Amino acid sequence: MKLFTDKMAAEKLEDRTSERLHARILEISKIGRTENEGAKRMGYSEEESQAKHKVIEWMQEIGMQVRKDGAGNVFGTYKGADSSKVFMAGSHLDTVPDGGHFDGAAGVLTALEIVTLWHEAGYKPKYDFEVVIFSDEEGSRFSSGLTGSRAFMGMIEETELDKYRDPDGQTFDEVISNIGSDRQQFLTAEGPSKQIAMYAEIHIEQAKQLEQKDLPVGIVSGIAGATRTKITFRGAAGHAGSTPMTERKDALVKASEFISTLPEVAKGISETAVATVGKMNVSPGGVNVIPGEVELVVDARDINEDSQSQLIKAVADHANDVVNNSDITVETDLTTRILPIPVDTEVIRNMEASFKRHDLLPIHLPSGAGHDAMSIGTQFPITMLFVRSIQGISHNPEEFTHIEDLTKAVKVLKDFFENL
Ligand SMILES: [Zn+2]
């Protein structure tokens, strides 16, 4: 298996943008690089701060104004022709504990590259352009997620912070003091000072669709919203030896029937709907006891609100259908529903035009995973580009994306902003 630095050494670099992206990804990768050449930069850690500082230096080299908010989010501003609104692009620099060097960093460094190219050409964008680094996107610090971008958009309640504990048992207040902030400054994190005319995020795909179609870049058509439905099947526990097959009320047999046919339910809703059972509790849980109760959680997602509603209903109906005419009962409980974030059709059309100007096929892809763009998308227009991930591997030291593909994404997004 080739390690990250070997793969980087073999990359072909055809222009200044490729060279700069290559050098900068390598530079950031040194911060928190693990033994197997993975990345370890937890949100609100020393490593995340160091990575932010490296990028701040590069921002300042081209004259960008840099500021930080109470959630540790970093904003580098490049002056545009009009300061009444702002364009924004970026992502995050934190990683999961044994992650790769592209998830997050790719979005920050490509956004910075767009500004660098403008700076070299003496070009002014229509509005001020901010490159943003959101803190703790992965949420591995507090088992949360999108921490910095949600704080920026005022989406975090104080009660949520009270529940936070990091892997070492530290409270939120202890952790946030490490970056020179406190609870109050975090909760009143600056927020958008003016209207965000567009937020853009380039991110690695973390799936194989682009690779399978042999395409470097794709347009994200929407970000799926996760829903969780807790489903409890109840039958009767009994002796596994002495209860005849005809007299059993085995909750796990019904639950299995439910799970094995769940994929068809999701496929019946839309092409982008997905449903997963990743967690299940069987009670009483003895090898010689018939399962009396099974509790499982269905994680179901789709990229638009209507089909997400249909999916939620279909999952519950499916559970009821499975137990129909049996001695097993079922209870369903929708515990979480995050609304999907759509991408405006006009924004997609504009992006398609940029793809065509660069001789790229404008393929559409749904985002199954959450990204910082989701937080901004609750109030402002967003666009996202996915860049091909080798074998779809992510959150893993083997994660890799070719510099050539990232360079294409830079060119397309730069064109998009220039024509907005
Ligand atoms: Zn990410």
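Along the chain, the donors of the zinc ion are spaced as H-x10-D-x99-H. In that pattern, His-92 and Asp-103 sit eleven residues apart and link distant parts of the chain. Keep in mind that this is a predicted model. Below, we look at the zinc site and then at Thr-34.

**The zinc site**
- Three residues coordinate the zinc ion: His-92 and His-203, each through NE2, and Asp-103 through OD, at 2.0 to 2.2 Å.
- Where do His-92 and Asp-103 sit? His-92 is in strand E3, which covers residues 82-92, while Asp-103 is in the loop between E3 and helix H4 (105-121).

**Buried or exposed?**
- His-92 has 0% relative accessibility, so it counts as buried.
- Asp-103 comes out at 5% relative accessibility, and buried means under 20%, so Asp-103 counts as buried.
- Thr-34 has 18% relative accessibility; with the cut-off for buried at under 20%, Thr-34 counts as buried too.

**Around Thr-34**
- You'll find Thr-34 in the loop between helix H2 (16-29) and helix H3 (46-61).
- Which side chain does the side chain of Thr-34 join in a polar contact of 2.6 Å? That would be the side chain of Asn-36.
- The Thr-34 side chain also reaches a backbone atom, the nitrogen of Gly-38, at 2.8 Å.
- Leaving aside residues up to four places away in sequence, Thr-34 touches Ala-39, Lys-40 and Asp-98.

Technical notes:
Residues numbered from 1 in each chain as written. Predicted model: local features only at pLDDT ≥ 70, side-chain atom pairs only at ≥ 80, totals over all residues. Heavy atoms only, no water. Donors = N, O, S within 2.8 Å, 3.2 Å for Na, K, Ca; no water. Helix = DSSP H or I, 4+ residues; strand = E, 2+ residues; numbered from the N terminus. Buried < 20%, exposed > 50% of the residue type's maximum accessible area, 1.4 Å probe, protein only. Polar contact = N/O pair within 3.5 Å; in protein donor to acceptor, adjacent residues only side chain to side chain. Contact = heavy atoms within 4.5 Å.
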